[in-house]
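Subject: Structure handover

Dear colleague,

Here is the structure for your files. Please have it open while you read the notes under it.

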Amino acid sequence: MVEEEIKKIIIERFDSVRKFALAINIPYTTIDSILKRGISNSNVGNVIKMCKALNISLDNLIDEKGIISNLYLDNIENIDPGSETIKIPILGVIKAGIPIEAQENVIGYTDIPKKWTKGNKKFFGLKVSGNSMIPNYQDGDTVIFESTTEFNNGDDCVVMINGSDCTFKKVAKTDEGLLLQPYNIAEFELKFYSKEDVINLPVYIVGVAKEYRRKI
């Protein structure tokens, strides 16, 4: 198991899990829980921080087990196998403005076409809070995201910052870094993260918008 391999690396480089926890400023109980219950059930920010400290490539984790794409998002609820839809979780609120602390609580479920999940694709929903993404997205909209770290320039994405904060923005990758752009440019500024920021903070994509739903 990948967790056992990670624990071996921790012991080899830090002598104990407790020393490792102190070194990277994550509670021992949190790391112990990650290693016991599995990385795929853990907070993506903590996993990123651990991998960085151990010099483990996230790409390797994705190749080994698809872990990154499943973190906190692999809880699609299948219904009747004969149905044309499945239920996915609405995981909380995404700020269309300044970043807010990432939420992990399921606040509801919504249906998506079953065909979307072909190829083992995963999806989740978030409610929009704020007005930096108007007119395309309104406060209170539910946006359906594909759980992925890959995106195309111009995609509307969930962006994780510092491993604990997230925001919803149009994203462009440049030679110098990542550009996060609101649609409401009259009230909100663009935010740029250099290549160094992307690595050190870190800054990364966890989902790409597929569809929005709005109550009339």
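Predicted model: local features only at pLDDT ≥ 70, side-chain atom pairs only at ≥ 80, totals over all residues.

Residues are numbered from 1 along each chain as its sequence is written, and side-chain values use heavy atoms, with hydrogens and water left out.

Helices (H or I, at least four residues) and strands (E, at least two) are DSSP runs, numbered from the N terminus. Two strands pair if DSSP finds at least two bridges between them.

Strand E6 (residues 155–161) has six of its seven residues buried, so the rest of the structure largely encloses it. Buried means under 20% relative accessible area (1.4 Å probe, protein chains only). E6 runs antiparallel to strand E7 (residues 165–173), with seven bridges between them; Met160 stands opposite Cys166 in E7. Three residues lie between the strands of this E6 and E7 hairpin, where Asn162 takes a positive phi near 65 degrees. E6 is also joined by five bridges to strand E10 (residues 203–213), again antiparallel, and Val159 has Ile205 in E10 as its bridge partner.

Helices H1 (residues 2–14) and H2 (residues 17–24) pack with their axes 8 Å apart, at an angle of about 80 degrees. Axes are lines fitted to C-alpha atoms over the stretch in contact, and angles run from 0 to 180 degrees between N-to-C directions. H1 and H2 are therefore roughly perpendicular, a label for angles of 65 to 115 degrees. Lys7, Ile10, Ile11 and Phe14 of H1 meet Val17, Lys19, Phe20 and Ala23 of H2, contact meaning heavy atoms within 4.5 Å.

Regards

Conventions:
Buried < 20%, exposed > 50% of the residue type's maximum accessible area, 1.4 Å probe, protein only. Parallel < 35°, antiparallel > 145°, perpendicular 65-115°, else oblique.
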